[in-house]
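User: Please look over the model shown here and answer some questions about its strand pairing and helix packing.

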Amino acid sequence: MAGISIPGVTDKYNSNATVEKLMQVERIPLTREESQLEQYKSQKDAWREITSQLTSLRDSTKDLYSYDNPFNNKITTSSDEAAITATANRSAEIQSFKIDVIQPATSDRFLSAELPSDEKVPAGMYTYRVGEKSVNINWKGGTLKDFSNALNKRSNGLVKSMIIGASAGKKTLLIESLATGKENRLIFEGAAKEYAISSGMVTPVKSQTESFGTKKSDLQSLTKKIPVTNKRMPELSVTKIKTDGENITVEPRGGFQLNIPSSVTKNANSHVSFTIRPTQVEDITEKINSTSPLPEIPEPGFAEFEGIRVNNSLSDTLLNIPVEKPEPVNSIVNQNLLYAIMNDGTEMIISTPNILSNSETTIDLDLSNYAGIKGIAVKNENTGYKFDISSFTAYDASQAAGYTPNNAITVAGDAIIKYEGITITRPSNQIDDVIPEITLNLHEKTEKTATIKVQADKDASKNALIEFVGKYNQAVAKLNVLSQNKEEIVNELDYLSSDEKDKLREQLGMFQTDFSLSSIKSNMASILNTTYRFSDEAEITMLAQIGISTNASGAGSTYSSSRLRGYLEIDEKKLDDALENHLDDVKAIFGYDSDGDLIVDTGIAYKMDKQIGAYTQTGGILALKTSTLDSKIKSSETKIARLEDQMKDKEAELRQKYSSMEGSLNSLESQQTAITNFTNQQNRQK
């Protein structure tokens with residue numbers, strides 16, 4: 001009996017293989033289109049890669065001539081890095097200067113007495129004030145640790161608390177201000193003050209003041225007078241001083257000095273406070289210049305007796321009176337009024353900026369900023385201003401808040417430095433307003449004068465140039481691979497991994513007929529080899545002069561096929577020398593202003609940027625090529641989808657036909673079998 005055959009399952013007549021062979025022929029257009037699609041995608045990937053590398057190269061070239069170019073970078077060095085360092089902006093001048101750090105700025109850091117380990121901080125409103133800011137904690141009561149954590153959590157960067165282990169079973173509480181400067185003293189208010197006193201952190205005191213300089217006898221003649229260049233200008237004199245016991249009036253060209261009580265100078269926390277009020281008056285030079293320098297000879301007189309009058313003869317002087325008019329006396333306007341008199345007899349200017357423009361200026365001298373001070377001198381050089389000065393009041397700054405710290409680690413104080421012989425105070429250890437474009441960072445007191453040097457950051461320039469050369473060579477390598485079908489191009493790229501080389505081999509010669517690649521390579525090489533004479537005095541005008549060229553190693557007599565492909569080399573010694581001695585020239589050849597409008601308009605980096613931009617920018621040459629491929633890829637994908645639908649329909653049609661054929665053959669076979677069986681049965685019956 002013939003076996004049972006199910007079309008498409010048992011494949012008795014090998015229909016599946018037949019259909020598959022027929023479909024292979026039918027799929028030829030689809031396979032061809034799929035291959036074309038993969039080629040389009042590979043080309044698009046290649047264009048994207050070269051676009052990415054050229055964009056990276058363009059970014060590198062921009063860095064060489066833009067405002068942020070590395071040739072303007074500055075670095076600083078300090079002869080005493082532990083005490084003072086500096087940071088310089090790009091606009092800082094190359095210079096060297098000397099700085100003495102008298103003291104860095106400090107903040108209040110107070111310790112409590114030793115407290116039991118189970119110390120409880122009572123409930124209350126705790127207020128800590130630093131300068132004009134404050135932090136408030138409505139404390140419900142609790143352990144010392146919890147209180148410290150709560151203060152740190154809510155301090156908002158104003159104060160800091162820390163618990164320090166003391167002796168066995170004892171702890172101390174440290175509270176410190178996070179702002180430096182004498183104006184940022186740590187003030188305890190409310191429950192904070194009460195607990196600071198009860199914990200032994202501070203002790204209540206009554207602030208005391210001492211006045212001086214109220215008596216005429218306190219005001220002495222100047223020891224050091226300011227010399228005059230015109231003999232008709234009056235010297236500074238104590239005779240031009242008046243006092244009423246409360247205020248001192250200093251007329252134009254007046255001056256005096258007074259000693260500070262020793263009880264004040266001995267206290268490191270002493271301050272001297274007073275106010276100054278300027279008044280503009282008639283300039284004394286007007287009267288001086290209007291007065292004749294010649295002596296006035298009195299009338300000779302006469303004698304009269306009984307109606308007879310006899311006139312005396314005119315006086316006959318032997319004075320050698322000059323005929324020429326004397327040099328006029330010029331007005332003087334000077335903001336410097338105060339001087340600190342030191343124990344060694346020297347004087348130091350006490351800065352009083354804008355004292356003439358303010359209706360009243362309050363002076364508060366922290367005597368700790370003037371080590372060795374013994375007195376104050378007032379010198380009014382002005383010819384058109386007088387000053388009213390209040391009496392001088394001395395006070396202890398540490399007691400101004402009504403208490404004094406018992407265990408102060410540091411107390412709030414300004415930074416004090418000496419620059420160019422001038423003593424300068426600032427509240428912070430970062431000082432950026434003394435030397436233009438330079439920030440001084442104070443750390444410790446200097447033992448001896450520190451020297452700060454500001455130099456060009458040549459390493460940054462060198463690294464930027466090395467990066468530029470590297471990116472240029474990578475871009476050239478990619479251009480070579482895509483435009484030439486030579487395997488040695490890939491083999492000579494020793495910095496690539498084997499997988500990277502295999503990928504490049506697949507791209508070899510992909511765009512041999514596309515002249516845009518050879519064009520950009522040629523244009524870039526031309527830019528690098530052009531002379532850029534930015535001034536008549538320029539010593540460096542070409543890239544090769546700083547040690548960067550296609551034959552920087554100097555092996556010109558040795559043939560190298562890789563050297564002919566346009567890769568750049570670096571002569572590091574030559575580059576270092578150029579950066580050391582001709583940094584401005586190196587900067588200029590990469591970008592400079594040729595027409596005086598203060599805008600860079602030529603140079604290696606500028607031209608390279610513009611050249612590459614034409615290819616990589618939106619709507620540029622490479623973007624157009626990618627866009628064209630996108631259209632082809634979309635069209636190919638549409639065609640493939642249509643062909644795939646056709647293949648499905650064709651395969652279904654063939655399988656239907658072969659299924660019907662198998663059904664017919666099976667039916668014929670069954671009929672044949674039935675006839676055969678019938679015939680055999682008839683034969684047996686005979």
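User: Which residue is the bridge partner of Tyr419 in strand 30?

Analyst: This is a predicted model, in which local features need pLDDT of at least 70, side-chain atom pairs count only at pLDDT 80 or more, and totals for chains, interfaces and linings use all residues. Residues are numbered from 1 along each chain as its sequence is written, and side-chain values use heavy atoms, with hydrogens and water left out. Strand 29 (residues 415-419) runs antiparallel to strand 30 and is joined to it by 5 bridges, strands being DSSP runs of E with at least two residues, numbered from the N terminus, as are helices (H or I, at least four). In strand 30, Tyr419 has as its bridge partner Ile422.

User: Which strands stand at the edges of the open sheet of 5 strands?

Analyst: Strands pair if DSSP finds at least two bridges between them, and the antiparallel sheet has the order 1-33-3-29-30. Each edge strand has a single partner strand, so one side of each is left without a neighbour in the sheet; these are strand 1 (74-78) and strand 30 (422-426).

User: What is the class of the angle between helix 7 and helix 11?

Analyst: The axes, lines fitted to C-alpha atoms over the stretch in contact, with angles from 0 to 180 degrees between N-to-C directions, come within 10 Å and cross at roughly 135° for helix 7 (residues 458-483) and helix 11 (residues 572-581). Angles under 35 degrees count as roughly parallel, over 145 as roughly antiparallel, 65 to 115 as roughly perpendicular and the rest as oblique. That makes helix 7, relative to helix 11, oblique.
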